[in-house]
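Q: I have a model open and want to learn how to read it. Where do we start?

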Amino acid sequence: MHIEDTLPVMVSTLTPTEDRAAGGRARPPMNVLFVHNNFPAQYRHIARALAEQPGNKVVAVGSSTASTTPDIRLLKYSTTKSDSAMVHPFARRFDVEARRAEEVLYALSSLSGQGFVPDLIFAHPGWGETLPLRTMFPKARIILYCEFYYGAEGRDVGFDPEFPMTGLDGNVALHLKNATTLLALTECETGVSPTPWQRSTFPREFQSKIEVIHEGVDTDEVKPNPVARFRLPNGATLSADDEVITYVSRNLEPVRGFHVFMRSLPRIMAARPNAQVVIVGGSGTSYGANPPEGSSWKSMFLGEVRSDIDLRRVHFLGRIPREPYLELLQISSVHVYLTYPFVLSWSLLEAMSAGCAVVASDTAPLRDIISDGNGLLTPFFDIDALSDQVVSVLSRPKAFKKMRMKARSFVRDNYDARRVCLPRMLTLVDEGVLPRTHGG
């Protein structure tokens with residue numbers, strides 16, 4: 001086992017005045033622990049706010065993919081591959097999670113040995129990291145990040161008929177993916193889900209202890225910029241005066257509708273001969289099944305339409321740094337976001353915050369977001385409908401100016417990290433650590 005301990009340089013994000021306004025009464029000093037494989041991830045705003053409160057001691061535990069954040073001590077644990085050949089197939093995921101939990105246990109034992117005992121713990125149950133928390137810290141209040149509960153129908157599995165169903169054994173294995181989440185739900189005081197639909201995926205008996213609070217996006221950073229420019233790898237520069245179709249995903253895969261998007265391009269590009277298509281995302285797999293061995297989802301679905309599109313106008317960028325990513329959103333003429341019923345991507349809210357004209361799939365949880373004229377929904381599998389919507393936005397840009405403004409306003413009013421989401425999270429913290437006043 002190897003634990004890397006780092007203490008980054010402090011960078012302020014909330015002033016003391018903003019912090020008091022966000023959370024109301026002054027909070028007593030606390031020891032706060034964050035446990036997340038990829039820290040800070042969904043905790044970047046709340047972790048910074050709590051770290052900046054005088055007297056708080058904030059520590060995070062994560063794997064090698066975790067990164068430092070201002071004024072927070074980070075403990076990194078290592079993971080090693082194990083031979084699971086002798087483990088029953090149903091139990092293999094839990095075996096991996098138990099081994100990860102053991103590494104977290106070692107990290108926390110080192111921390112406890114130094115005198116740090118948390119009053120409050122934020123944790124994500126998705127990788128088994130929560131398994132030792134209640135045993136080690138029986139008096140701590142645990143706030144669980146309830147991102148998603150796996151099911152065999154109408155979610156990321158059992159939605160797309162193009163891909164094989166999991167079968168009985170597969171459904172049992174899928175159900176068992178929820179094991180560590182269920183254990184964590186029984187041990188936490190409170191859960192937090194980012195959208196109403198994601199909360200609804202959890203068993204009914206637990207939903208009463210789950211609050212709907214998104215981590216939020218920085219709408220001051222992600223905003224419209226009419227003079228933005230985006231430079232393509234071929235040296236050409238795009239602006240808001242050009243026709244630009246954007247598609248963004250961590251990886252280009254069916255769960256995020258990449259196959260549907262690619263199949264819409266022949267019709268779109270034939271109707272709009274000047275349109276440029278800019279695609280951001282890696283060639284790996286974040287969610288869902290892997291492609292056939294020796295190929296990628298990108299190569300498969302590009303191969304389907306290669307002969308029917310002008311490849312000179314289709315630009316695959318892979319993953320790009322944040323600054324050019326924001327510039328791309330700012331010059332986008334129409335942004336396409338598709339997903340199976342699954343977790344909501346930050347990229348959708350950021351596209352709306354940047355004032356994009358969004359064409360999205362009519363799937364959960366997007367129905368929680370796209371409404372009242374702030375975007376367009378289209379049936380996930382209807383390629384012609386998607387193509388027609390995109391062409392409509394490109395051909396009548398002025399008609400969709402109000403929709404862009406509504407998208408920006410909706411995110412500012414409901415998902416702004418500093419003004420909306422962080423205050424709600426801080427209130428949730430206060431409810432557990434501050435004594436109640438009379439009548440409160």
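Q: In which helix do Asp95 and Arg99 lie, and how many residues apart are they?
A: Keep in mind that this is a predicted model. Asp95 and Arg99 both lie in helix H3, and 4 residues separate them, about one turn of the helix.

Q: What joins the side chains of Asp95 and Arg99?
A: First, the general idea. Side chains of opposite charge can pair when their charged atoms come close. Here, Asp95 and Arg99 form a salt bridge, with N to O at 3.0 Å.

Q: Is Asp95 buried or exposed?
A: Read the relative accessible area. Buried means under 20%. Asp95 has 17%, so Asp95 is buried.

Q: Which residue meets Glu97 in a salt bridge?
A: Arg93 does, with N to O at 3.0 Å. Glu97 and Arg93 also both lie in helix H3 (residues 92-113), 4 residues apart, about one turn of the helix. Glu97 has a relative accessibility of 4% and therefore counts as buried. Arg93 has 32% and counts as partly exposed.

Q: How many salt bridges does a search of the whole structure find?
A: The count is 16. Some residues join up in a network: Asp220, Arg412, Asp416 and Arg419 are linked by salt bridges in this way.

Q: What about Asp384 and Arg267: how do their side chains meet?
A: In a salt bridge, with N to O at 2.8 Å. Asp384 lies in helix H13 and Arg267 in helix H9, so this pair ties together parts 117 residues apart in sequence. Now check accessibility. Asp384 is partly exposed, with a relative accessible area of 42%. Arg267, at 38%, also counts as partly exposed.

Q: At what angle do helix H9 and helix H13 pack?
A: Two packed helices are described by the angle between their axes and the distance between the axes. Helix H9 (residues 258-271) and helix H13 (residues 383-395) pack at about 45°, and their axes are 9 Å apart. H9 is therefore oblique to H13. The crossing of H9 and H13 is right-handed.

Q: Let me try another pair. At what angle do the axes of helix H11 and helix H12 cross?
A: Roughly 55°. The axes of H11 (residues 322-331) and H12 (residues 346-353) come within 9 Å. At that angle, H11 and H12 are oblique to each other. H11 and H12 make a right-handed crossing.

Q: Now burial along a whole helix. How many of the 9 residues of helix H2 are buried?
A: Go residue by residue, then count. In H2 (residues 44-52), 8 of the 9 residues are buried, so H2 is largely enclosed by the rest of the structure.

Q: Which residues in H2 are buried?
A: Read them off in order. They are Arg44, His45, Ile46, Ala47, Ala49, Leu50, Ala51 and Glu52.

Q: Last, the surface. Which residues make the nonpolar surface patch of about 330 Å²?
A: Phe90, Leu168, Val172 and Leu176 make this patch. Take Leu176 as an example. Leu176 is placed in helix H5 (residues 167-176).

Q: What does the relative accessibility of Leu176 make it count as?
A: Partly exposed, because the value for Leu176 is 34%. Partly exposed is the class between buried, under 20%, and exposed, over 50%.

Methods
Residues are numbered from 1 along each chain as its sequence is written. This is a predicted model: local features need pLDDT of at least 70, side-chain atom pairs count only at pLDDT 80 or more; totals for chains, interfaces and linings use all residues. Side-chain values use heavy atoms; hydrogens and water are left out. Patches are made of residues with over 30% relative accessible area and no salt bridge: like charges are joined within 9 Å, nonpolar side chains (Val, Leu, Ile, Met, Phe, Trp, Tyr) within 5 Å. Accessible areas come from the Shrake-Rupley method with a 1.4 Å probe; for residues, only the protein chains shown count as cover. A salt bridge is a side-chain nitrogen of Lys or Arg within 4 Å of a carboxyl oxygen of Asp or Glu. Helices (H or I, at least four residues) and strands (E, at least two) are DSSP runs, numbered from the N terminus. Buried means under 20% relative accessible area, exposed over 50%, partly exposed in between (1.4 Å probe, protein chains only). Axes are lines fitted to C-alpha atoms, for helices over the stretch in contact, and angles run from 0 to 180 degrees between N-to-C directions. Angles under 35 degrees count as roughly parallel, over 145 as roughly antiparallel, 65 to 115 as roughly perpendicular and the rest as oblique. A crossing is left-handed if the near helix is turned anticlockwise from the far one by less than a right angle, and right-handed if clockwise.
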